[in-house]
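Have the viewer ready and follow along.

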Amino acid sequence: MKFWRLPLDSEVHSIPVGRVQIIENRCKGCGFCIEFCPNACLKESKRFNAKGYHPPELIFQAEDCVNCGLCSLICPEFAIFTELQEAKKITEDDIRKVTTRYSRKDKRFAKR
Amino acid sequence: MKRRLRELQPFDKEAEERAIELGHGLHPDDKYLKPGRIPHIWCPGCGLGVVLTCFIGALRQKQFGVDECAVVSGIGCTGRVAGYLDMDTYHTTHGRAIPFATGLALAKPDTHVAVFSGDGDLFAIGGNHLIHAARRNVNLKVICVNNFNFGMTGGQAGPTTPLDAKTSTTPLGNAEPGFNLPYLAHASGAIYVARWTTFHPRQLVHSIGESFDRTGFTFIEVIAPCPTGYGRPNKLGSGLEEMRYYRDMSEIRYGADPADAEIKLRGKILVGTFEAADRPDFMETYRTQVIARAQAGGKGKGRAA
Amino acid sequence: MADKQVLTGEHFVHGDAACAEGGIAVGCRFFAGYPITPATEVAERMARRLPQVGGVYIQMEDEIASMAAILGASWGGLKSMTSTSGPGFSLMMENIGLGMMTETPCVVVNVQRAGPSTGLPTLVGQADVMQARWGSHGDYGCIALAPSSPQECFDLTVHAFNLAEIYRQPVFVMSDEVVGHTTEKVVIPPREKLEVVERIRPHQAQSEYLPFDSKGPMPAPMATAGDGYHVHVTGLTHDERGYPVITDVVQERNVRHLVDKIRRNARQIIRVEGVHLDDAEVVVVAYGCTARVARQAVEDMRTRGHRAGLLRLITLWPFPSHLIRELAPRVKAFIVPEINYGQMVYEVERTAQGKAEVVLMGLMGGAIHTPREIEDAIGDYL
C-alpha cells in the first residue's frame, strides 16, 4: 500500500502523540500491555520491581504511542496509562512511516 | 461467668491514612478506587482487573458520578471487585448478590445497581436467583466474569466447566457439560445479553455502557483467564497465552442466536451482543399497575383492617 | 384522606395482620417474602397494604432471597421486613449472619410452627427460639421478641423496628401459630402516640466517618446508598472503615463489637411482664401463646390462695438472667412450659444456678398446654 500524496483532509486531522506512564511497583508482569499494544511500544524490562516482576518499559521508537489507551484498559493492575502529549500535524514523513508499518515490513510486526 | 479476653488493639485511623497516601492517585482510574486498596488480591494474568478497568471505563464514558451507582457482588475472586470501587459497594454472601441487589434496586430506583460476580456465584449457588431476577426484569446490570472454575477455593469444577476439562475436583476430566450462560440468561428473560472476553476491552466498555442505557435486567458475560485455577490443569498456559487463545478463537457475531454460544474446551468462543430487547422493568410495572391501582382506591383498596 | 400508614382505631384482626400493620405504621416500606404456613398472612396483608403507602412488596423465589433482599433494601434506605416460619427461618440463617456482620437493621417475623423439617405445617410450635439465638454461624448479639397476643404482634413489631434502628441489626419477632392465627381486638394508637425511631444517619465529613465504629457501646450511624459516604459493606471481617482485613486482631474487635453492643445494653433492651412475683413461691416462666395459658393458671392458683407468679418473657433474647438470678433464692421452683423439648428452660436452669428447682413442661408441638396442667405442676411445689 502506498500513498502518492498527503490525504486531502490532512489539515483537519492530527496524530495524537501519547506519553506512556508506568507505575512499576504495581505491575505483576502479566505481559498483556506488551503483547497487545497496537503500535508495539512496550517490551519487558530486565529490571525487577518491588514485587519481583519485570515491569514493561518503552522500546526505542517510543514516539509511536498514539495515546490509544489500550494498555491502560487491558492492564489488570492499574499500573500503566497514557497521556496526550501533543496533537501532531500530519506530514509526508508520517505517511511514509504508516505505509511501511502496515506493509508489515516493520520487524516488530512480524510476530503478528 | 468471668471473662478473660485479650486486650483490644484500637483502630489507628491515622496510621491507616498514612499508608493510603503512599500509592493512591498515581493512576487516573484511582479516583474510582477506594484509597489504599490497590494492589488487589488477584493473581498475575487474571482477567478480573481488566473487567474492573472496563467497568470504570464505562462509568467514565457515561459520565456517571460515583454516587449514581452501586455495586453488589457475591463471593469468590470476582466478589472482591466491590471492595475496590470507591462507591457504595456491597460484598454479600455466596450466590446472594442478585437478591441483595434486587432489594437495593427497588429501594433506590434511580441508582444504577451493578452486580459483579463470577460464574460459580451466579450460576451454581445463585442460579435460581439469577433466572428469577431476569424473569421479573429487575433493573440490574449483571456482569458475570466467567473463568470456568471456582478460582478462590483453588480451581474446582463449576457450572461452566466444559466437558472433559480438568480441575482439582475433576482430575480425570469433567463428566458434566457446562452451562451456556447467554442462552440461559436469554431464556430467563434478560433484555440485554452480550458476551465478550478480556481480549475485547473496548467492546466490553461499550457493552457495559449500553447496558446502563437500558432499564431492566441486562447480562454481560466476560470470559476471563484464570491461569492458576483453570489454565494450569488444562495446559492453557499463562494468562497471556489464554488471551492469545481468545484472540485466535473468538468470533464476533452480533445478533447471533445464543443457543449457538456454547463453549467447548479449547473450542471457538462466540462473542458479541446477542440480545437487545425492551420490556418494562419490575419497578415500572409495579408503579403503573400495583401502586397506581392501590392509590386510586381501586381493586387494591384494603378494608380498614 | 384517611391516614393509610397508621390505621388508628380498634380492629378485629389476627396476629399476622397485626404484625404487618405494625410494620407499616412504624414506616416499613419494603417487604420481601415467600409463602409459608402459618406466616403467609403477613405477606398477604403486606402485598395489599404496601402499595397504598407507596412501598414495595416483592415475592422472592425463596426465603434466602427474601432475607438478602430486605438487607439490600435496608441499605437502600428503607425500613424493611420479611416473615416466615421454621423451614424458611432455617434458610434465612445465612443472610441473617450477613445482616449481623454488616450491622443492617431489618425485622424478621417468625410465626413458629412445629418442626423439625416440615413437621406440622399448620400447627403451633416454639422450637425456633434457640435457633433465633444461635442459628447463624459465628458469634453475634441477638434481639428476639415474643408477642403473646395480636395486640402485642402490633406493638412488638413497632418496637422491633425501633430496636433494629437503634442497635443496627436484624431483630426477630418470634410469634407462633396460635398467636398469629388468633383474631382479637387490636388497638392502633394515633400516629403521634406511636414511638418511631428513624434511622440515625451520619452528619460528619466523609473522611471523618467510620461506618463500623466499634469504640462506643452503640453502633455508628448508618450511611445508606447514595448518601455520598461510599461505604463498603462486607460479610468479611472488616475494620472500622468497612475494609476487609483478614487478621485475628481485627476479628477480635469486630466480633466483640457485634456481641457487646447487645450485651452492654441488655438492661435497656430487656422487657418482661411480672405477675404476682413479689411473694411468689412458684414462678412460671413462659412466652408467646404459652404465657396466656400460664397467666390463666397463675390467676386460678391465686384465687385459690396459692402463691404462684408469672414471669412472661417479652424479650427472649437478650435473656433476663438478672431477674431469674434475683428470684431463684426466694422461690421453690420455676415451671417452664414451652412447646418444644426444652429450649428456654436451659437458660432458666443456667441462671437459677441450682438455687431453685427448674421444671420443663414440654410439648412437642401441635397443641398448647391447658391451664390445668400448669396448675398441677405448680401444685407439686406448694
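This is a predicted model: local features need pLDDT of at least 70, side-chain atom pairs count only at pLDDT 80 or more; totals for chains, interfaces and linings use all residues.

Seven of its seven residues are buried, so E8(C) is largely enclosed by the rest of the structure. In a regular strand the side chains alternate between the two faces of the sheet. You can look at E8(C) one face at a time: Pro170(C), Phe172(C), Met174(C) and Asp176(C) lie on one side, and Val171(C), Val173(C) and Ser175(C) on the other. Both faces are covered, with all of these residues buried.

Now look at the strands that pair with E8(C). Strand E5 (residues 106-114) of chain C runs parallel to E8(C), and seven bridges join the two. To find your place in this pairing, locate Val111(C), whose bridge partner in E8(C) is Ser175(C). Strand E7 (residues 144-145) of chain C also pairs with E8(C) in the parallel sense, here over two bridges. In that pairing Leu145(C) stands opposite Val173(C).

How many residues of chain C are in contact with chain B? There are 58, and they meet 54 residues of chain B. The size of an interface is often given as the accessible area lost when the parts come together. Between chain C and chain B the buried area is about 4700 Å², and carbon and sulfur atoms give 58% of it. Glu61(C), His230(C) and Tyr243(C) supply 14% of the area that chain C buries against chain B, more than any other three residues.

Polar interactions cross this interface too. Residue pairs in polar contact number 24, counting those with both residues at pLDDT 80 or more. On the side of chain C that touches chain B, at least two residues each come from several elements, among them strand E1 (9-14), helix H2 (40-49), helix H4 (86-101) and helix H8 (248-263). H3(C) gives the most to this side, with eight residues. By type, the residues of this side divide into 26 nonpolar, 17 polar and 15 charged. The count of salt bridges between the two chains is four. In a salt bridge you can pick out, the side chains of Arg241(C) and Glu16(B) meet at 2.9 Å, N to O.

Finally, strand pairing also links the two chains. Strand E2 (residues 88-91) of chain B and E10(C) run parallel, joined by three bridges. Within E10(C), Thr234(C) is the residue that His91(B) stands opposite.

Terms used. Residues are numbered from 1 along each chain as its sequence is written. Chains are lettered from A and ligands numbered from 1 in the order in which they are written. Side-chain values use heavy atoms; hydrogens and water are left out. Contact means heavy atoms within 4.5 Å. Buried area is the accessible area (1.4 Å probe) that two parts lose on being put together, summed over both. A polar contact is a pair of N or O atoms within 3.5 Å; within protein, one must be able to donate a hydrogen and the other to accept it, and residues adjacent in sequence count only if both atoms are side-chain atoms. Helices (H or I, at least four residues) and strands (E, at least two) are DSSP runs, numbered from the N terminus. Ala, Val, Leu, Ile, Met, Phe, Trp, Tyr, Cys and Pro count as nonpolar, Asp, Glu, Lys and Arg as charged, and the others, Gly among them, as polar. Two strands pair if DSSP finds at least two bridges between them. Buried means under 20% relative accessible area, exposed over 50%, partly exposed in between (1.4 Å probe, protein chains only).
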